[in-house]
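Biologist: Before I rely on any label in this model, I would like each one traced back to its value. Could you take my questions in turn and set the numbers against the cut-offs?

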Amino acid sequence: MPLATFLGLWLFKGNLSSSLLLDTIPLSDPLATLQVLMSGHWPELSLLLGAVIVVGIYALLGGRVFCSWVCPVNIITDLASWTRRRLSLPRTSEIPQNLRYYMLALVLILPILTGFTVWEWLNPVPIVYRALLFGAGSGLWILAVIFLLDTFVVERAWCSHLCPTGALFSLIGKVSPVKVAAVRADACDNCMDCFTVCPERQVLKPVLKKGSTQPFILNSDCTLCGRCIDVCAPRVFQYKNRFNSKYSNRIPLKVESKL
Amino acid sequence: MINQHRSASKSTTRFGHAAVTELGWWRAHRFLILRRLSQLSVLSLFAIGYFFRFMAF
């Protein structure tokens with residue numbers, strides 16, 4: 001309250017689906033906006049403009065930066081993954097990583113058939129916000145299901161396999177200059193700690209395997225969370241601009257990799 | 001040193017122990033802490049908005 005009074009305005013008016021920053025700059029969830037468009041309604045100009053601004057921001061910073069640095073559901077799925085590690089739960093069955101793109105297609109087709117933005121009733125992102133800000137309990141079961149699914153059924157099921165929002169941000173991230181780079185891949189000692197913490201471990205393989213000449217993790221499934229940077233004792237990884245030619249070519253890796 | 005990392009991470013020591021030993025606690029948790037701060041900041045910015053609406057309007 002004192003902070004808000006001091007500022008004299010709302011920093012963010014609205015919610016994560018659609019808001020006004022400092023009462024002037026519209027920001028909106030691109031997936032929610034796409035759903036409105038698909039439902040056959042022409043959205044307000046501010047919603048469209050807000051989506052364009054948000055897409056621009058994440059295209060610059062790295063698409064799935066949203067997932068690991070902004071999305072509150074990530075805290076729940078990280079907790080599930082930490083629980084799995086602490087309890088040393090056995091590896092689970094795999095489901096295809098690209099299921100999220102089918103989810104994205106489904107989320108965009110449903111408004112055509114129904115005329116409603118169906119996904120927004122189930123989307124766990126606004127549910128976390130409503131729960132924390134209003135104490136609204138309806139929909140909390142979805143968060144519980146996500147936690148139990150991630151912990152006991154399929155590891156990283158939600159964020160790395162199913163979430164349509166993550167799928168859209170992954171597509172946006174394909175043009176982003178910010179990437180994690182294995183700048184000291186030759187120092188890798190194959191301890192596999194990065195594979196253990198990485199929520200999208202398939203993205204690590206191309207930069208660490210023997211003969212690799214490409215240091216940048218270009219797969220846009222990478223959420224740029226920096227866990228690999230934190231966990232690596234030989235300091236293999238760093239955030240880098242992929243258009244910086246200094247890092248774009250390297251000597252083929254000679255390490256005998258177990259990958 | 002290389003073997004030290006490997007044995008540390010494969011033994012019964014806590015996960016990520018090698019990184020903490022080598023880099024120190026902060027550098028081995030830097031982006032985790034920064035991410036949580038970022039997530040909670042975005043959340044609180046929206047919270048200020050809601051709170052202010054209820055109090056003042």
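Biologist: What makes A:L34 count as partly exposed?

Modeller: Its relative accessibility is 30%, and since buried means under 20% and exposed means over 50%, a value in between is called partly exposed. The C-alpha atoms of A:L34 and A:P111 are separated by 9.5 Å, although these residues are 77 residues apart along the chain.

Biologist: What are the centre distance and the plane angle for A:Y58 and A:F169?

Modeller: For A:Y58 and A:F169 the values are 4.8 Å centre to centre and 70 degrees between the planes, which again gives an edge-to-face pair. This pair links distant parts of the chain, with A:Y58 in helix α3 of chain A and A:F169 in helix α11 of chain A, 111 residues apart. Together, A:Y58, A:F66 and A:F169 form one aromatic cluster, and over all chains the count comes to seven aromatic pairs.

Biologist: What makes α11(A) largely enclosed by the rest of the structure?

Modeller: Eight of the nine residues of α11(A) are buried, and that is why the helix is described as largely enclosed. The buried residues include A:P164, A:L168, A:F169 and A:I172, and the buried residues of α11(A) pack against α2, α3, α4, α6, α7 and α10 of chain A.

Biologist: Why are the buried residues of α3(A) said to be on the same side?

Modeller: The buried residues of α3(A) are A:L47, A:L48, A:G50, A:A51, A:V54, A:Y58 and A:A59. They cover an arc of only 165 degrees around the axis, which puts them on the same side of α3(A). An α-helix has 3.6 residues a turn, so residues three or four places apart point the same way. The face turned away from the buried side of α3(A) carries the exposed residues A:L45, A:V52 and A:L60.

Biologist: How does the length of α3(A) compare with what is expected at 1.5 Å a residue?

Modeller: Helix α3 of chain A has 17 residues and reaches 24 Å from its first C-alpha to its last, close to the expected 24 Å. After α3(A) comes A:G62, whose phi is positive, near 115 degrees.

Biologist: What percentage of the residues of chain A is buried, and how many helices and strands does the chain have?

Modeller: Chain A has 14 helices and five strands, and buried residues make up 53% of its 259 residues. Among the contacts in chain A with a separation of 6 or more, 73% come from residues 24 or more positions apart.

Biologist: Where in chain B is confidence lowest, and where is it highest?

Modeller: In chain B, confidence is lowest in helix α1, at a mean pLDDT of 44, and highest in helix α2, at 85. Over residues 1-11 of chain B the pLDDT is below 50, and this stretch has 16 contacts in the model beyond near neighbours in sequence. Where pLDDT is low, the predicted coordinates should not be read in detail. Chain B averages a pLDDT of 72, with 61% of the residues scoring at least 70.

Biologist: What pattern does chain B follow along the sequence?

Modeller: The pattern of chain B is α-α-α, from three helices and zero strands. Of its 57 residues, 33% count as buried.

Note on methods
Residues numbered from 1 in each chain as written. Chains lettered and ligands numbered in written order. Predicted model: local features only at pLDDT ≥ 70, side-chain atom pairs only at ≥ 80, totals over all residues. Heavy atoms only, no water. Helix = DSSP H or I, 4+ residues; strand = E, 2+ residues; numbered from the N terminus. Buried < 20%, exposed > 50% of the residue type's maximum accessible area, 1.4 Å probe, protein only. Expected span 1.5 Å × (residues − 1). Arc of directions from axis to C-beta. pLDDT = per-residue confidence, 0-100. Contact = heavy atoms within 4.5 Å. Phe/Tyr/Trp six-rings, centres within 6.5 Å; stacked < 30°, edge-to-face > 60°.
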